[in-house]
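Let's take a walk through this fold, one piece at a time. Have the sequence and the model open side by side as you read.

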Amino acid sequence: MKQLLLVLLWLVLCSGQPALADSAAIRTGAEQPERYLPLLAGKKVGLLVNQTSRVGEQHLVDFLLQQQVQVVGIFAPEHGFRGDYDAGARVGDSRDPRTGLPIWSMYGASKKPDLSLLQQLDLVIFDIQDVGVRYYTYISSMHYMMEAAAAAGVAMLILDRPNPNGAYLDGPVLDLKFQSFVGMHPIPLLHGMTVGELALMIKGEQWIANAEKLQLTVIPNANYQRDLPYELPIPPSPNLPNAQAVRLYPSLGFFEATPLSVGRGTPFPFQVLGYDQFASDEFSFVPVSTPGAALNPPLKDKKVYGEDLRQVSTDGLTLSYLMRWQQLFASYAKVMFTAPDFMDKLAGTDQLRLQIERGDSEPQIRDSWQSALQQFRLQRQPYLLYPE
């Protein structure tokens, strides 16, 4: 009886608490074949996929072939089909040794697929794990594929995946004057949307040519909420090897426009910061050539000194790293943003760089984003597949 009363008391206490979603219970779009296999019957299919495109332990390509889907070819984004190319490294056309399927690059001389390839297809599937940061280029590849599919009259199917930074809506909204492959849409740096939601928004806001002609279907995640912590089962690219790197990426990505190292060429990329000309005894590391991840990393073979961020607690976008290093560079009469044009493309505006160089406070900088963020929050509402 006492045991029964304790159980009843526990149920009463819990009844007023919100249920916590279990990340293990999330089913990605790819893990719901009953919802999309009927759409593929009798279709000639192309896949825009990489190493994260999994159905359980199996790659989506192998799974679809096992299901007798007529897969014609694979489109490879930045980092390649298997995710083993360095950031920015040109990805060439090739053939998958396991399946014999042709691999067509979307990160070579052109970022847009050739219409002659798409005209061989009835439908293209996009299934790639994103990290929810505007300058991470998988969503740019999705944009170009959507535009090409619309032009070719080919349907597009998005198999959605969780956004590990989905709880955050932060950073400057991109000014289209600074549009580039690292920022194609007028969205915040942290947009809080999944690739499925973004695809719906790209079409709905007509951010691609012939948007009204694109036949777009999204298979949403099951049991997903955007504020649920979600650790990626497979690294989305060679230099985002773990959850800490994914969490720090929104804040540290800006340092790619500076002479600092973010740890490329070490076992802990995007989890450290360092520079070789400001000596310190606190923390140091040496970037080295790492084929498949960082063949020629910044400050290669040099001992650099800086910050170890592997254990810091971090959420969303943090400006303190940029502001602290800017002050240090200024104290040595050095310029930190040595690639200002690239910094402005990453930020989607020149204002963030100018504010940091001017010494504005973090509250001042954040206040300057708020109006555009609120406008975006309303603008994205019709396209959300999951509760705010």
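This is a predicted model: local features need pLDDT of at least 70, side-chain atom pairs count only at pLDDT 80 or more; totals for chains, interfaces and linings use all residues.

Residues are numbered from 1 along each chain as its sequence is written, and side-chain values use heavy atoms, with hydrogens and water left out. As for pLDDT, that is the predictor's confidence in each residue, from 0 to 100. The protein has a mean pLDDT of 89, and 89% of its residues reach 70 or more. A contact means heavy atoms within 4.5 Å.

Back to H8. Its buried residues are Tyr 321, Leu 322, Met 323, Trp 325, Gln 326 and Phe 329, where buried means under 20% relative accessible area, exposed means over 50%, and partly exposed is in between (1.4 Å probe, protein chains only). An α-helix has 3.6 residues a turn, so residues three or four places apart point the same way. The buried residues of H8 pack against helix H7 (243–252), E12, E14, helix H10 (351–358) and helix H11 (362–367). Just after H8, Ala 333 takes a positive phi of about 55 degrees.

Now for the rings. Rings of Phe, Tyr and Trp (its six-membered ring) pair if their centres lie within 6.5 Å; planes under 30 degrees apart count as stacked, over 60 as edge-to-face and the rest as tilted. By this rule there are 14 aromatic pairs. One of them joins Tyr 275 and Phe 329, a tilted pair with 4.9 Å centre to centre and 40 degrees between the planes. It links distant parts of the chain, since Tyr 275 sits in strand E12 and Phe 329 in helix H8 (residues 320–331), 54 residues apart. Both partners are buried: Tyr 275 has a relative accessible area of 7%, and Phe 329 has 0%. Phe 283 and Phe 285 have ring centres 5.7 Å apart and planes at 40 degrees, so this pair is tilted; both of these residues are buried. Elsewhere, ring pairs link Tyr 135, Tyr 136, Tyr 138, Tyr 249, Phe 254 and Phe 270 into a cluster.

Strand E12 also belongs to a sheet. Strands of a sheet pair through backbone hydrogen bonds, either parallel or antiparallel, and two strands count as paired if DSSP finds at least two bridges between them. Three strands form an open sheet in the order E12-E14-E13, with antiparallel pairing. Strand E12 (272–275) and strand E13 (284–285) stand at the edges, each with a single partner strand, so one side of each has no neighbour in the sheet. E13 is joined to E14 (residues 304–308) by two bridges, and Ser 284 has Tyr 305 as its bridge partner in E14.

There is also an open sheet of seven strands, in the order E5-E6-E4-E1-E7-E8-E11 with mixed pairing. Its edge strands are E5 and strand E11 (216–219), each pairing on one side only. Strand E4 (residues 70–76) runs parallel to E6, joined by three bridges, whereas strand E5 (residues 94–95) and E6 pair in the antiparallel sense over two. Both faces of strand E6 (residues 102–105) are covered: Pro 102 and Trp 104 on one side and Ile 103 and Ser 105 on the other are all buried.

Last stop: Leu 373, in helix H12 (residues 370–380). Is Leu 373 buried or exposed? Leu 373 is buried, with a relative accessible area of 3%. Leaving out residues up to four places away in sequence, Leu 373 touches Leu 169, Asp 170, Gly 171, Val 173 and Pro 188.

Notes:
Helices (H or I, at least four residues) and strands (E, at least two) are DSSP runs, numbered from the N terminus.
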